[in-house]
Amino acid sequence: MMRQYELVERVASYKPDPDETLLNKAYVYAMQKHGTQKRASGDPYFSHPLEVAAILTDLKLDEETVAVALLHDTIEDTDATRKEIDSIFGERIGRLVEGLTKIKKLDLVSQKAKQAENLRRFMLAVSDDVRVLLVKLADRLHNMRTLHYVKPEKRGRISQETMEFYAPLAGRMGMQSVREELEDLSFCHLYPDAYTTITDRLKEMASENRTTIEKIAAVIEAQLAECADNITVSYRQKSPFSIFKKMERKELTFDKLYDIFGFRVYTHNVAQCYQVLGLIHTRWPMVPGRFKDFISTPKQNGYQSLHTAVVGPSNQRVELQIRTHEMHQIATYGVAAHAHYKDTEIFGGDPYADLRTTIAQLAQNPDPEQFLEHTKLELFHDQVFCFTPKGRIIALPHGATPIDFAYAVHTDLGNSCVGCKIDGKLMPVVTKLRNGNEVEIIRSKDQTPPAAWLDVVATGKAQAAIRKASREAVRKQYSGLGVRLLQRSFDKVGRDFGRDMLEPALKKLSRTSIEDLLADVGRGELEPHLVIEAVFPDYKAERVTQETPTKEDGWFAMAAANMLKFRHPLAKKGKGQPDQTGSLPIRGVNTDLPVRFSPDSGAVPGDRIVGILEEGVGITIYPIQAAQLLDSSENAHKWIDVKWDLDPDSNVLFQTKISLNAKNEPGALGIIAETIGKLDCNIKNLTMSNQNTDFTAMEIELEVWDLNHLETVIDQLGRKAVVNQVKRELT
Ligand code: MN
């Protein structure tokens, strides 16, 4: 067991002139109070608070926190009282110890119905002083390290609580080393077989690769000597749990060096980080898509580093993190490290501010019953805890998506949600959230939640809000279309149109409001000429014969009016679209969704489409036949099911490509261009190459509304005598 003077020495090693009296007093007090109590391991009970204190000295925390660690179980487990602790150690330490006592009994996993209240009490207790949370995490860490002494039937629940709650919380506080250890220890108890398999394989691979790894580190270090002196390279084995997680995501087969080892470069300042990066990218080919700059854009928990991967020495793929020593401290110790780097620019202001706000919000709710009621329904399902970028905890039922998350924060946020970042990465809004995810919602004020989200969301709140918003939006779209249709019709008969003019006609048309009337016109349920007749009772002009709208499977071209092309709302339910419940709706390119169409492949509405998630780009849409998809065939997790969800009145055109062989005769090109033009289709680009004296090969880039439109164009071209072969091009 650590001696009294050893503890003082540990603190003195990072803090000059520590408060020895306080440390000594707390050591003696706790040792005497715990007396002859024993741990499950058979060790004296006092070894536990002492180890917790030691963990906190590893995190280089102040004497008060270390003293609180020594005292943390005294009120709960001995005859010590708050009053006595106050009188010996002062009110501040007394309050911290009491805070820890309060949260000790809170069960955060098994009693579903009490979870909300317990979580709230937990937050209240740590809201006073975040050091309570630091001591609690150290306490949990030591308990996890000694969990194998505890009765087997208790281990599962404790591990689960650690995995679901304390590990993500440590991560949220930026304490990566604590997080990883908590995860690995829980993992070992929750999935013992998987744990053994992975650790055995890790050992094997480590011994097989030892020489190569050392060589790689040495070569990189030698190269970096060009930048500055004392730039060091280290390597580390990835944690068993992080490998397990990746395997669960089917991301790796776990047999390559880079699957299990990561390299780190430590520099002295930020400029050197980028210098090192430049040098490494110049020396070795980089692996595309792996570069991330968390220096210019730190993670919410303060994490900073450059990440990249190169095909490095020995032709091995090498994953590298480049950071300063200070950044490394913060990556390892998180908020606990802050005290030591107060003067740097890494953190501005109070590092605990975010957490405090969260806690204050939770704690402000004066009525626990109401708080519970609010979350109870969701809590009966298994749940996930996620964080807002400001650190607020959002509890959601299992299976919830970022859309649910957005609605849980605020209805407006849900209604304007167009995309999201999960832990800083652009992800589809239909992703299932996991415990500890930090979710940032990307908003657009023009957004209306697509009705297709109804199939995707997991919370009643989100469902109700989406239904309401899409009802309103659809109605708005129809009434907007109604206005345009009426304007045109009034125009045609030489009358001015104004919304107010409709008021007197409402009764005659049996409509209750102007909005209703407009929407019915938009829906095609009320013909514009009836409105004209109702507004102008004297109007008896002969019916303007309209050409019958050409119906191209869901498309109406309103009588010679190019302005008013719109898609019949019912056409969406037509053929050719397999049911894709749960897929992500794409509304074309004119939204703020991080979605783009593959520039070469020319997907058009009606095509069966898939999205490929590309880091930093978002989702790229391809038609299912596109050859490029073969490139991504190994990364099944990047495939996203998407379907078309165009606004009913959208007149967005989509670019696509056809190729044809035309006879070499005068006027051939003219016939082709005319055919295309007559079908209301734009030619964006045309390239020709002479294959032989008889035929010219052409590639034509077109803009079409949808697949039917494109097929009509191809069909009509094929009927022309000058055209030999025409087909769609999917590159
Ligand atoms: Mn304890």
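# Ion pairs, a metal site and a strand

Glu161 has a relative accessibility of 3% and therefore counts as buried, a term that here means under 20% relative accessible area, with exposed meaning over 50% and partly exposed the range in between (1.4 Å probe, protein chains only). The structure is a predicted model, in which local features need pLDDT of at least 70 and side-chain atom pairs count only at pLDDT 80 or more, whereas totals for chains, interfaces and linings use all residues. Residues are numbered from 1 along each chain as its sequence is written, and side-chain values use heavy atoms, with hydrogens and water left out.

The partner of Glu161 is Arg140, with which it forms a salt bridge whose closest N and O atoms are 2.6 Å apart; the term stands for a side-chain nitrogen of Lys or Arg within 4 Å of a carboxyl oxygen of Asp or Glu. Arg140 lies in helix α9 (residues 131-145) and Glu161 in helix α10 (residues 152-172), so that this pair links distant parts of the chain, 21 residues apart. Helices (H or I, at least four residues) and strands (E, at least two) are DSSP runs numbered from the N terminus. Arg140 is buried as well, at 9% relative accessibility, and helix α9 as a whole is mostly covered, since 13 of its 15 residues are buried. The end C-alpha atoms of α9 are 21 Å apart, which agrees with the 21 Å that its 15 residues should span at 1.5 Å a residue, the expected span being 1.5 Å times one less than the number of residues.

The structure holds 26 salt bridges, and another of them joins Arg92 to Glu64, with 2.5 Å between the closest N and O atoms. Because Arg92 belongs to helix α7 (residues 91-104) and Glu64 to helix α4 (residues 63-71), the pair ties together parts that are 28 residues apart in sequence. Glu64 is buried at 16% relative accessible area, whereas Arg92 is partly exposed at 45%. Arg719 and Asp715 also form a salt bridge, with the closest N and O atoms 3.1 Å apart; Arg719 is exposed at 60% and Asp715 partly exposed at 37%. Elsewhere, salt bridges with shared partners join Arg82, Asp86, Glu91, Arg95 and Glu98 into one network.

A manganese ion is coordinated at 2.2 to 2.4 Å by His48 (NE2), His72 (NE2), Asp73 (OD) and Asp139 (OD). Donors are N, O and S atoms within 2.8 Å of the metal (3.2 Å for Na, K and Ca), and water is not among the atoms, so sites may look incomplete. Along the chain these donors follow the spacing H-x23-H-D-x65-D, and among them His72 is buried at 2%, as is Asp73 at 2%.

Strand β18 (residues 654-663) has 8 of its 10 residues buried, so it is largely enclosed by the rest of the structure. It pairs in the antiparallel sense with strand β20 (residues 695-704) over 10 bridges and with strand β21 (residues 723-728), again antiparallel, over 4 bridges, where pairing requires that DSSP finds at least two bridges between two strands. Gln655 stands opposite Glu703 in β20, and Leu660 opposite Val726 in β21.

Taken as a whole, the chain contains 25 helices and 21 strands, and 50% of its 731 residues count as buried.
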